[in-house]
Amino acid sequence: MNPETEEDKTDWNKVYLLVLGFLALQILVYALITEHYTA
Amino acid sequence: MIWLDWLVLLGTLLFIVLYGTWKTRQQRDLQSYLLGGREAGWLTVGLSVMATQASAITFLSTPGQAFESGMGFLQFYFGLPLAIVILSITFIPIYYRLKVYTAYEYLEQRYDLRMRLLTAFLFLVQRGLAAGITIYAPAIVLSTVMGWDLNLTNIVIGLLVIVYTVSGGSKAVNLTQKWQMTVIMGGMFLAFFMLLKYISPFASFGEALDIAGFYGKLEVVNFRFDPNERYTIWSGLTGGLFLAMSYFGTDQSQVQRYLSASSLKQSRMGLIFNAVLKIPMQFFILFTGVLVFVFYLYYERPVHFNKNHEQRIEAAGLSEEAGEITAEFNQLAEERKDLLTNGTSLKENALALKTIEANQQALKDKYNELVVKADPEAETRDSDYVFIRFVLDYLPHGVIGLLLAVILCAAMSSTAGELNALASTTMVDFYKRLNPSRAISDAREVMVGKFFTVLWGVAAISFALLARLFDNLIELVNILGSLFYGTILGIFLCAFYFKAPAGKHVFIAALVAETLVLSLFFTTDIGFLWFNAIGCFAVILVAYAAYFLDRSK
């Protein structure tokens, strides 16, 4: 495949938002774990 | 270790080495040798990026770290997804458009040759030393616990990597890393499930979590703002972001992995794969360490996880005192086990459990004093030995061989990525660039590339062999990374985003920033992650200051 010609119809903005959303969700879950298990 | 473990260990390692060498034996030109012909798919790239980053010490030290201090280390990775998003938007499309082999080529196009050579040189020094440590760090632990000869372990790990990296270049690195990651994750999952099985007669999964929480092992996120604390959400999101941007965006050992993708889209997807999976993977490894901690509340645990110290103590005639400490330590462990299994709640026993913990820690400190008395040079920190000692003492034969294969695969996969990158940078940024008029055939170029790979392989092994002569070398090299990464990232950020300062301004700024970072390192207690951000901002600010100063003349 040629990097110049491969068609890329990916909506990258959406992908990036999903990645950042997943990060935020993980931090929330880890914060809840910390809150729940730390006396 | 019995024959079954050796069979699994050697079978796994030899299969990967021979398969990688055989499948990639013919490399016709430099592009196919250094970038695997640019035909890798996103999964190959994603696993290769992951395998290059995860060294053996990740699997030896990380569970030990969670065992000792809990899961806070996870925050170190919070900046990574942010960094990958930024790189996917800006750095990677430019690398693709300019069709570069190395990240440093771009700096010449943007500034001048001096800038390219300075950054490539910084990379070679730092990564060359790091490659030696990538081999040495697991070799020292394995030779200690297995009784293997340290020098021989260093040489065997190094030679195995050289065989396929030299023969098949980047493609062999990608291919073997895929298998190595499969072995690594398979082995770690197996260890995880064995731990759950061993704990289950004493505590359910939920109870195990409660116990881990009671002992402070589940404090994942720390919101306190204290620059002297090494791992907080703030240092992870900022320092971790800069470190990850520098590592993934400007370190050739990573840039080369994703430039071997068949297209920009595949490169980005390979990196996004890491942005999504890296934190859960580290969580899993740390959580395995927490389970090892819970496991040792119910099973016999050594006072010190480095078995060699017992021999040191015996040789110094201190066995009697050590025996008394061990007996007292075991007695306390029994009392604790009774409290945890007699049906009463953690809350009711909180005070007694905390007292036992404090007393055990005091006994361990006493034992460490004996170790130092027996050998003043001895390292008393034992967290690197926790996981491997658990594997060797409690896992069944066959699984032990597999877990040792995990550690050696991890060592080999990151060393291979490093050697491949060191050879590329030497070849492309120095040899080819400084001899532009020399016309040589494709076959000869590949030969020269192979020669540089061997050279760096031998250098890495030699450095690993010399490493035992220096104290705290591993820590030093890790910190060295953070001392240089900020400056390198600052140079690249200026190149990508700040158009006004010219090469000479950025060059001066890089020297000033490096001096600042080094002075702060030697005179303050700032956590090393912060140096990534400080170095980076210093380059940008000083470059602008130099630019305005120059303009006002």
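**Salt bridges in the predicted model**

1. B:Arg127 and B:Glu418 form a salt bridge in which the closest N and O atoms are 2.9 Å apart. B:Arg127 belongs to helix H8 (residues 113-146) of chain B and B:Glu418 to helix H19 (residues 399-434) of chain B, so this pair ties together parts that lie 291 residues apart in sequence. Both B:Arg127 and B:Glu418 are buried. The model is a predicted one, and these contacts should be read as such.

2. A salt bridge also joins B:Asp375 to B:Arg312, with 2.9 Å between the closest N and O atoms. Here distant parts of the chain are linked, 63 residues apart: B:Asp375 sits in the loop between helix H17 (346-374) and helix H18 (383-394) of chain B, and B:Arg312 in helix H15 (residues 308-315) of chain B. B:Arg312 has 29% relative accessibility and therefore counts as partly exposed, since buried means under 20% and exposed over 50%.

3. B:Asp382 and B:Lys364 meet through their side chains in a salt bridge, at 2.9 Å from N to O. B:Asp382 is in the loop between H17 and H18 of chain B, while B:Lys364 is in helix H17 of chain B, so the pair ties together parts 18 residues apart in sequence. B:Asp382 and B:Lys364 are both buried.

4. One network, made by salt bridges that share partners, joins B:Glu108, B:Arg116, B:Asp429 and B:Arg433.

5. How many salt bridges are there over all chains? The count comes to 14.

Key: Residues numbered from 1 in each chain as written. Chains lettered and ligands numbered in written order. Predicted model: local features only at pLDDT ≥ 70, side-chain atom pairs only at ≥ 80, totals over all residues. Heavy atoms only, no water. Salt bridge = Lys/Arg side-chain N within 4 Å of Asp/Glu carboxyl O. Helix = DSSP H or I, 4+ residues; strand = E, 2+ residues; numbered from the N terminus. Buried < 20%, exposed > 50% of the residue type's maximum accessible area, 1.4 Å probe, protein only.
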